[in-house]
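Please keep the viewer open and follow the stops in order. Each stop says what to select and what is there.

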Amino acid sequence: MALNSWGLRPNAPAAQEIVRRDRQAELPQVEGTLLPFGNGRSYGDSCLNSGGTLLLTRGCDRFIDFAPIDETRARLVCDAGVLLAEIIELFLPRGWFLPVTPGTRFVTVGGAIANDVHGKNHHRAGSFGNHVRRFELLRSDGSRRICSATENANWFAATVGGLGLTGLITWAEIELRRVGSDALDVSNTRFEGLDEFWAINAAAEAQHEYAVAWIDCLARRPRGIFMAGDHVGGDGTAEPAASQARRALKAPFTPPFSPLNALTLRAFNTAYYHRPLPARARSPLLPYFYPLDGILEWNRLYGRRGFYQYQCVVPKGAEAAIDEMLAAISTSGQGSLLAVLKTFGAPEAHTPPGLLSFPLAGATLALDFPDRDEETEALFARLDAIVAAAGGRLYPAKDARMPRSLFRAGYAKVEEFARFVDPKFSSNFWRRVID
Amino acid sequence: MQKILVIGATSAIAEATCRRWAARGDALFLVARDAARLEAIAADLSVRGAAAVGSFAMDATDFAAHAAMFAAAQAALGRIDVALIAHGTLPEQKACEASVEETLAAIEVNGTSVIALATRIGAQLEAQNSGVLAVIGSVAGDRGRASNYVYGAAKGMVDIFMQGMRHRLAKSGAQALIIKPGFVDTPMTASFSKGALWAKPDDIARGIVKAVDQRRDQVYLPGFWRFIMLVIRHIPQAIFKKTSL
C-alpha cells in the first residue's frame with residue numbers, strides 16, 4: 001500500500017515500508033535511504049521517501065514508565081510510535097494533559113518531536129520540544145544516543161524539529177501537566193479588521209493560556225473569531241464535560257472533484273462567521289483543541305488532487321505582512337475553510353529548542369488551498385515574496401512546494417543542522433530543499 | 001479485579017487483549033518466549049493501569065517447563081479467573097507437505113502444546129469451581145483445506161479438545177471458551193496481501209474480552225466468520241474438491 005501524506009498530493013511510492021514492532025530492533029540493512037513515518041499527518045513531503053524505505057513506527061506503541069514529578073507535572077516515557085490521542089485517552093481521566101498540543105491528536109510522539117509542533121499556548125509554553133526531557137536516537141551506524149538538554153545536547157537540538165533526518169527516535173520522555181478537569185472555559189470574540197485582532201490578542205495573551213483566531217480569508221476585509229481558553233481549575237466545581245467522545249464522522253470516499261470551491265467556501269465562511277456564538281462557554285477539551293479530529297479523513301474532501309497547506313510565520317514588528325497576505329488571498333479568490341491566525345512568542349524559559357524549530361516570535365498564518373495549477377502557484381509566489389521580505393519562514397511539516405531559496409533564507413541554522421543528518425536518512429522534502 | 005494468565009502474551013492479539021484488561025485494572029501474568037519483549041509489554045501494561053503484572057519466559061513446546069511456569073503463575077496470581085492461551089505459529093503449508101518434521105513441529109506448537117497447557121489449567125479451574133479458560137483456535141480448524149490443513153488440523157484438534165473440556169467443566173462453575181479469529185493483520189500474517197475481510201488485532205481483542213465476560217462457549221471474530229464458515233463447512237465434498245481454498 002502506497003502511503004500518502006495528509007495533503008494527499010500524488011507522489012511516487014517508497015520502494016518498501018517496514019513495520020517496526022520493538023524499540024530494541026535494529027535498523028534494517030537496505031539499499032537506498034531510510035525515513036521514519038509515524039501517523040502520516042505531515043501535509044507535504046517531509047514524511048515521504050519516494051524510492052527509498054519508510055520505517056513505520058506505529059507498531060512501536062508501548063508505554064514504558066509514568067511518574068508524577070510534583071503536584072503539577074509528571075514524566076511519561078513511551079515508544080515514539082505512541083499517538084498523542086492514546087496518551088490523552090489514558091491520562092486525561094487521571095487528570096493529566098499534554099503541556100503543548102497541535103491541532104490534531106492523531107500524531108505520534110516521534111512526529112511531534114521531529115516537527116517540534118506548537119499549539120494554541122505557544123505564548124506561554126513554547127513548543128512541544130520544550131517539554132521533551134530526553135529521547136533515544138538510533139542511527140544507521142547502529143549507535144544509540146540518549147539526547148537531552150544536557151546530554152548530547154547538540155544531537156537533541158538537531159533532532160527536535162529535525163524532520164526525522166537525524167536518525168530514528170525510538171522512545172521519548174516527555175512532561176505532562178496537571179489539569180483540574182477535562183473542560184475548558186472558552187471565550188469567543190468576533191473581530192473585523194486586523195487592528196481589532198491585534199488588540200484583542202494582546203489582551204488575551206496576557207490573560208489566557210490558549211489563544212487563536214479563525215479567519216475568514218475570503219471576506220473583503222479580514223474578519224474572524226478570536227477564541228481564548230483556559231483549563232477549568234481543580235477546585236472540584238467543574239462539571240464533567242459531557243460528550244467528550246462524540247462519535248467521529250468520516251469522509252466516506254474521495255470525491256472525483258472537490259466540493260470545496262470559491263462559492264461553497266465563501267458561503268461556509270460567511271455562515272461560520274455569523275453562527276450563533278456564546279461569548280463565554282464551558283467546552284469539553286477535545287472539540288476545542290481538535291475541531292477537525294471529529295471528521296476523520298477530512299483531507300479527502302479536497303478531492304483526488306489533494307491540497308496544499310501554507311503556514312508561515314513573520315517576525316514581531318513585521319505584522320503588516322499578514323495584512324498584505326490576506327489582501328492577496330482575498331483578491332485571488334482562493335482560500336480555505338481553515339485559516340488560522342496566532343501569535344508566537346514564548347517566554348525565555350521556552351526558547352525554540354531545535355535548530356530547525358518553526359516557531360519564531362511573531363505571527364503565524366495557516367491556510368489550506370486546493371490545487372488550481374498556475375493560479376495557485378501564482379498566489380504562492382506572491383505570498384512567498386511577502387514572507388521573504390518580512391524575514392519570515394514556512395513550516396516544513398505543512399509544505400510541499402517552498403522554493404529552496406525561501407527555506408535557506410528562513411532557517412539560518414540549516415548548515416549546522418545538515419552536519420547531524422544521518423548519511424542513510426533522507427526525505428522528499430530534504431532532497432527538494434537541499435540538493 | 002480479575003486475575004489473568006496469558007500464554008503467548010507477545011502475540012499481537014494477546015497484547016491487544018491484555019491492554020484492554022489492564023485498562024480495567026486487572027492483574028496479569030504473562031508467558032512468552034522472548035524475555036525482552038515480555039518485559040516491554042509488562043511495563044506498558046503497568047502504565048495502562050494493570051493492578052500487577054508478572055511474567056515468565058518459556059517456550060510453549062518446552063513441556064518440561066510447564067509445571068514451573070504454572071506454579072509461578074499461581075504463586076503470583078493466587079486464584080485464576082481467566083486463562084488465555086494465545087501462542088501459535090502459522091506454518092508454511094508447502095514446507096509441511098515436504099517434511100514430516102515440519103508437520104509435526106507445527107502440530108506441536110499449535111496443537112499438542114496447547115492441549116498440555118489447557119489440561120493443567122482446566123484441572124485448576126475445575127478444582128476452584130470457577131474461572132474461564134479461553135483458547136485461540138481458528139476458522140482454519142473448521143474444515144481441512146488444501147492451502148493450510150496442517151495448521152487447520154492442529155486448530156481442529158484444539159477445538160475438539162475444548163468441546164470436551166467445556167462438557168466436563170459444565171459440572172463445575174468453570175467455563176471453556178474457544179475463539180475462532182478469521183484473517184487478522186498481525187506479524188504472523190505480515191507476508192499476506194490484505195483485503196476487506198482482514199481485521200485489526202484490537203477488533204479481535206474487544207471480542208475476546210466480551211466473550212470472556214459473557215462466558216460464551218465459542219465465538220467467531222469478527223462475527224461474520226460464523227456465516228462464512230457455516231457455508232464452507234456445508235459445501236459438499238464433490239464441489240469442495242473443485243475449489244481452491
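Predicted model: local features only at pLDDT ≥ 70, side-chain atom pairs only at ≥ 80, totals over all residues.

Residues are numbered from 1 along each chain as its sequence is written, and chains are lettered from A and ligands numbered from 1 in the order in which they are written.

**Stop 1: chain A**

Select chain A and colour it by secondary structure. There are 12 helices and 19 strands in chain A; helices (H or I, at least four residues) and strands (E, at least two) are DSSP runs, numbered from the N terminus. Along the principal axes, the C-alpha atoms of chain A fill a box of roughly 55 × 55 × 45 Å.

Of the 435 residues in chain A, 46% are buried. A residue is buried if 20 or more other C-beta atoms, placed from the backbone, lie within 10 Å of its own.

**Stop 2: the domains of chain A**

Select residues 61–179 of chain A for domain 1, then 183–409 for domain 2. These bounds come from an automatic or database domain assignment. The C-alpha centres of the two domains lie 24 Å apart. Domain 1 of chain A brings 25 residues to the contact and domain 2 of chain A brings 26; two residues are in contact if their C-beta atoms, placed from the backbone, lie within 7 Å.

Now select helix 3 (122–125) of chain A and helix 4 (153–159) of chain A, which each supply at least two residues to the side of domain 1 that touches domain 2. Helix 3 of chain A gives the most to that side, with four residues.

**Stop 3: chain B against chain A**

Show both chains. Nine residues of chain B are in contact with nine residues of chain A.

**Stop 4: the cores**

Select B:Val6, B:Leu28, B:Leu30, B:Leu133 and B:Ala134, the residues with the most contacts inside the largest nonpolar core, which has 77 residues. A nonpolar core is a set of buried Ala, Val, Leu, Ile, Met, Phe, Trp, Tyr and Cys residues joined through C-beta atoms within 7 Å. Helix 6 (residues 149–169) of chain B gives the most to this core, with eight residues.

Methods
Buried ≥ 20, exposed ≤ 12 C-beta atoms within 10 Å, placed from the backbone.
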